[in-house]
Amino acid sequence: MTAFSKRRRRGVAAVTVAASITLAGCADRELLTAPRTTPGGGTWVAVWAALLLATLTIGVLLTLPTWRVWRGARLAVSVFTLEAGAVVVAGVMLASIAGRSWQILGRPGGAPPDDALLRLGGADGDRAFFAIMFLSAAVLAVVLGALAAAGARLAGSTDPVKRAVASAVLAAQAGGAAYAIVRLVLGADGLPYVIPALAFPFLVVAFATCWPRVPNPEYNSGHG
């Protein structure tokens, strides 16, 4: 047997062992969390209504100072308010899913499923991944929610510089929404594309109304 043949056999054996370990680490442990019966339309309407109410409530609470004084670009303030609430709600949901997955991975394989609204399964692996996901979702929700609240404060100001910064943020978001529309046209699907596409016209109008107007000295001198 040549040295090349030995190296090839060793390489095949190494790949086989690595593939076996990988597949064993991703072995399905069957469904561990599931609803007893398939939720009906009324259930999902109630869930989405609760999510919308939570989004509005949390958003207004995070941007409350901007709603006490009616000034600035109100549409832009409303957009940032919804974003702040939506980020927190989405972060809580992702953290909850990660936390639940973290829990069910500690259960023995083949255990009877628990009652839940969503169907969640588990795979053999390191539970630390879901712990990291839980912490990441929580931290991102706090950071992005704070940034959206700060954007609302900037948009609700009469200072041209602050309004320009808020407008730049809205322009960046409108660019991302335009990209989502292009992806939808090319055949992509899913909420990560649908929601930004629906928000695109509101972002454009919010940007247009938030952009600071430069005063006309000649008009002011003639009408002073």
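Which residues have the most contacts inside the largest nonpolar core? Select Ala76, Phe80, Ala155, Leu170, Leu203 and Cys210, which hold that place in a core of 14 residues. A nonpolar core is a set of buried Ala, Val, Leu, Ile, Met, Phe, Trp, Tyr and Cys residues joined through side-chain atoms within 4.5 Å. Buried denotes under 20% relative accessible area, exposed over 50%, and partly exposed in between (1.4 Å probe, protein chains only). At least two residues of this core come from each of helix H4 (74-104), helix H5 (128-155), helix H6 (160-185) and helix H7 (191-210). Helices (H or I, at least four residues) and strands (E, at least two) are DSSP runs, numbered from the N terminus.

The model is predicted: local features need pLDDT of at least 70 and side-chain atom pairs count only at pLDDT 80 or more, while totals for chains, interfaces and linings use all residues. Residues are numbered from 1 along each chain as its sequence is written, and side-chain values use heavy atoms, with hydrogens and water left out.

**The whole chain**

Of the 224 residues in the protein chain, 25% are buried.

Next, select Leu203 and display its surroundings. Not counting residues up to four places away in sequence, Leu203 touches Val79, Glu83, Leu170, Gln173, Ala174 and Ala177; contact means heavy atoms within 4.5 Å.

Now select H6. This helix has 26 residues and spans 37 Å from its first C-alpha to its last, close to the expected 38 Å; the expected span is 1.5 Å times one less than the number of residues.

At its start, a side-chain oxygen of Asp159 comes to within 3.1 Å of the backbone nitrogen of Val161. Just after H6, Gly187 adopts a positive phi of about 110°.

Move to Thr63, in the loop between helix H2 (41-62) and helix H3 (64-68). Is Thr63 buried or exposed? Thr63 counts as buried because its relative accessibility is 1%. Its side chain reaches the backbone oxygen of Gly59 at 2.8 Å. Beyond its neighbours within four places in sequence, Thr63 is in contact with Thr81, Ala149 and Ala152.

Thr55 is found in helix H2 and is buried, at a relative accessible area of 11%. Leaving aside neighbours within four places, its contacts are Leu82, Gly85, Ala86 and Val89. Thr57 also lies in helix H2, but at 38% relative accessibility it counts as partly exposed. The C-alpha atoms of Thr57 and Gly85 are 7.3 Å apart, although 28 residues separate them along the chain.

**Aromatic pairs**

How many aromatic pairs does a search of the whole structure find? The search finds two. Rings of Phe, Tyr and Trp (its six-membered ring) pair if their centres lie within 6.5 Å; planes under 30 degrees apart count as stacked, over 60 as edge-to-face and the rest as tilted. Select Trp67 and Trp70, a tilted pair at 6.1 Å centre to centre with 55° between the planes. Trp67 is partly exposed at 28%, whereas Trp70 is exposed at 64%. Finish with Phe207 and Trp211, a tilted pair at 6.0 Å and 45°.

Definitions and conventions: Polar contact = N/O pair within 3.5 Å; in protein donor to acceptor, adjacent residues only side chain to side chain.
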